[in-house]
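This report describes selected features of one protein model.

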Amino acid sequence: MSDVSTGFLCLMTRPSEPLFYPKYNGQVFMDLPTEYLSKRYQTIADSIKSRLGAIAKHHVTVKPVELPDLGYAEQVPRYGDFNLFNPTQRRATGRLVTDLLAQPDAESLLSVAAYARDRLNPTMFQYALAVVLLHRKDTATVPVPSFLEMFPKRFVDPALFPKLAEEGFVVEQSERVAIEVPHSFTASEADPEQRLAYFREDIGVNLHHWHWHLVYPQEGPPEVVNKDRRGELFYYMHRQLVARYNIERLCNMLPPAAPLKNLREPIPEAYFPKIMNSALNRTYPGRAADMVLSHVNRPEDDAVATILELESSLGKIKEAIQTGFAVAEDGTRVPLDATTGIDVLGNIIENSDLSVNVPHYGNYHSLGHVLIGYIHDPDNLYREGHGVMGDFTTAMRDPTFYRFHGHVDDVFDMHKQKLPPYTERELLFPGVTIVDASVQITSGKAARNRLLTFWQRSQVDLGTGLDFGPQGNVVATFTHIQHAPFAYQIMVHNESGERKKGTVRIFLAPIYDIEGEQMLLSQQRRFVVEMDKFVVNLHPGDNRIVRQSDQSSVSIPYERTFRRVDASNMPGSEVFRFCNCGWPDHMLLPKGHPDGQPFDLFFMISDHKDDAVVPDFNPREDCNDSHSYCGLRDQLFPDRRAMGYPFDRLPLPQDHLLKDFAARFPNMSRTVAEVLFTNTIISRT
């Protein structure tokens with residue numbers, strides 16, 4: 001690994017610890033120009049270099065370059081809160097990303113970043129640097145650590161860290177043992193919402209949400225923000241989050257989360273997160289039951305909003321949907337058609353730089369997070385920071401996240417319901433028939449269409465984020481849901497005399513609602529979750545397709561979610577790509593039920609001629625394997641169809657149930673798969 005790449009890893013290690021302090025067990029010393037040190041250390045620069053530089057085996061020399069004026073970024077206090085839902089801070093971050101991207105080469109970028117690191121807010125700096133490293137071609141191979149590695153207290157009970165520090169300081173590396181993270185520690189079982197804590201507080205789930213917003217920032221230079229179908233991805237990724245959460249609720253005998261469509265009603269769900277806001281070194285504030293939103297008037301946090309403002313924005317968005325067009329800032333009409341309408345809406349509702357008219361349509365999604373995030377202290381009377389809903393890294397922990405996004409998804413679905421149902425021509429793949437389709441656990445002699453979930457104990461290294469803490473690996477053990485590996489087997493007949501190419505689409509959906517009644521397809525379509533999507537070549541006659549669960553286009557493996565970046569990237573070791581945008585594989589299946597929970601498992605093969613966008617798309621390279629939720633890096637989304645097709649639109653009246661829909665088309669198949677939950681804990685091997 002080059003000195004420049006090693007330098008970037010040092011920038012992202014122990015983010016609140018001075019950059020000059022030796023990293024990686026004292027092996028690496030960042031040799032900075034004296035003027036790059038903060039004022040506190042400039043007067044003792046010689047002492048620092050002689051004392052600390054002497055013990056390091058490897059020196060990375062940072063060369064002085066012409067520095068941009070970063071005064072705008074210093075308006076975010078170094079030891080203050082950082083919040084991407086804050087418009088001023090978001091704009092400042094966008095400028096910082098622009099300035100870093102503008103550096104002519106990676107070495108200059110390292111120099112400017114080294115100057116900025118110990119002067120700016122650590123969370124803001126690390127977010128901006130990660131965005132830049134992901135989007136520059138000359139840093140494409142630099143692995144970006146997850147926020148878990150850099151700011152572990154945002155994901156793990158802070159009561160754990162004195163134990164981790166003691167183990168790290170007292171015990172030699174070879175003799176250290178893992179410290180146990182308490183399972184579902186935020187509330188007692190008397191709170192029904194605690195049944196879903198394993199989902200909401202899952203480390204991998206929250207890392208996915210953070211990393212998605214890292215890949216798709218709201219503000220910044222066009223090459224960073226203006227990605228293919230960005231607004232539609234915002235809609236679809238969040239729709240899938242809500243659907244997966246609501247399925248988990250059904251698995252735990254709870255009704256789906258009620259959409260938060262009336263912001264003036266009390267919020268019955270309480271939430272006390274018990275994690276640390278690393279920017280403030282304080283715990284995130286909690287929210288008591290039945291609190292009521294009113295307004296936020298915190299000008300010092302650039303958070304000033306009223307419910308009426310949100311209601312006005314929502315009314316204008318609904319008007320656009322009802323009329324079939326949005327109004328741009330110059331007065332032109334932007335059609336909300338079947339092809340691009342959902343993309344336009346996504347950018348308006350999220351309020352990214354791509355919104356066609358921010359002054360008119362406002363900032364609906366972000367301000368919703370702000371109002372909920374400051375519900376406990378809307379006027380800053382008690383000088384409390386925002387709650388978890390005010391932070392991308394923590395928002396999914398809060399039950400209200402799913403209620404608010406359920407409401408946002410209702411707004412998107414108003415547009416989808418205006419579109420005509422798919423025609424037979426849009427759904428059929430002439431000459432292709434799915435003869436049989438099933439799923440089966442791959443280990444042992446398992447029954448067809450029966451899947452298994454259980455608890456698993458895994459370990460994660462938190463040493464990278466322990467500022468001024470012990471060197472080396474400091475490991476914590478946590479418990480999460482897991483599934484036994486499984487595979488789909490699809491028998492397909494191609495009756496034509498020529499080879500065909502198709503797109504296999506696999507979805508899972510609950511069959512019964514909370515009352516035990518079978519769902520109509522018009523209702524069930526909102527609970528459908530994408531399990532996989534991939535391209536197949538079909539030769540004439542019979543074809544047998546086997547697809548492993550760990551090949552899913554939705555998920556990424558455990559190693560990409562939790563693997564410590566620096567451990568395999570020190571000088572002389574093998575470089576690996578760290579692409580961790582994707583749903584965690586251990587959460588691919590819903591939990592199910594101890595008595596077995598039945599699900600509709602839907603298979604479809606569509607004509608690749610109508611799907612193809614990228615002719616040479618290779619899902620096995622450049623982190624393309626999790627494109628369903630995350631898209632592709634620097635490429636077009638590899639599927640021309642609407643995201644969620646064929647369930648994004650209302651079905652025809654004759655398709656009462658999913659089995660009725662599938663029965664009409666030979667290129668579709670529906671079977672019932674059972675998910676059996678075993679309440680046992682198995683350690684990862």
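Which element supplies the largest share of the lining of the second largest cavity? That share, four residues, comes from β12.

## Basis of the model

The model is predicted: local features require pLDDT of at least 70 and side-chain atom pairs count only at pLDDT 80 or more, while totals for chains, interfaces and linings use all residues. Residues are numbered from 1 along each chain as its sequence is written, and side-chain values use heavy atoms, with hydrogens and water left out.

Helices (H or I, at least four residues) and strands (E, at least two) are DSSP runs, numbered from the N terminus.

## Cavities

A cavity is a set of points, on a 1 Å grid over the protein atoms alone, where a 1.4 Å probe fits but cannot get out; lining residues have an atom within 4 Å of a point. Grid points are joined across faces, edges and corners, and a volume is the space filled by probe spheres set on the points. By this rule there are 15 cavities of 30 Å³ or more.

The second largest cavity has a volume of about 220 Å³. Its lining comprises 18 residues, of which P182, H183, S184, E201 and T479 lie nearest the centre. At least two lining residues are supplied by each of α9 (197-200) and β12 (475-483). By class, the lining holds 10 nonpolar, four polar and four charged residues (Ala, Val, Leu, Ile, Met, Phe, Trp, Tyr, Cys and Pro count as nonpolar, Asp, Glu, Lys and Arg as charged, and the others, Gly among them, as polar).

## Packing of α10 and α12

The axes of helix α10 (residues 203-215) and helix α12 (residues 230-251) come within 12 Å and cross at roughly 175°. Axes are lines fitted to C-alpha atoms, for helices over the stretch in contact, and angles run from 0 to 180 degrees between N-to-C directions. The two helices, α10 and α12, are therefore roughly antiparallel (angles over 145 degrees). Contact (heavy atoms within 4.5 Å) involves H208, H209, W212 and H213 of α10 with L233, F234, M237, H238 and L241 of α12.

V304 belongs to strand β7 (residues 303-306). Beyond its neighbours within four places in sequence, V304 contacts V296, N297, R298, P299 and E309. In the loop between β6 (295-298) and β7 lies D302, which has a positive phi of about 50° although it is not a glycine.

Elsewhere, Y645 and P646 are joined by a cis peptide bond with omega of about 10°. P646 is placed in the loop between α22 (627-630) and α23 (658-663).

Notes
On a 1 Å grid over the protein atoms alone, a cavity is a set of points where a 1.4 Å probe fits but cannot get out, and a pocket is an open set with protein on both sides within 12 Å along at least five of seven lines; lining residues have an atom within 4 Å of a point. Angles under 35 degrees count as roughly parallel, over 145 as roughly antiparallel, 65 to 115 as roughly perpendicular and the rest as oblique.
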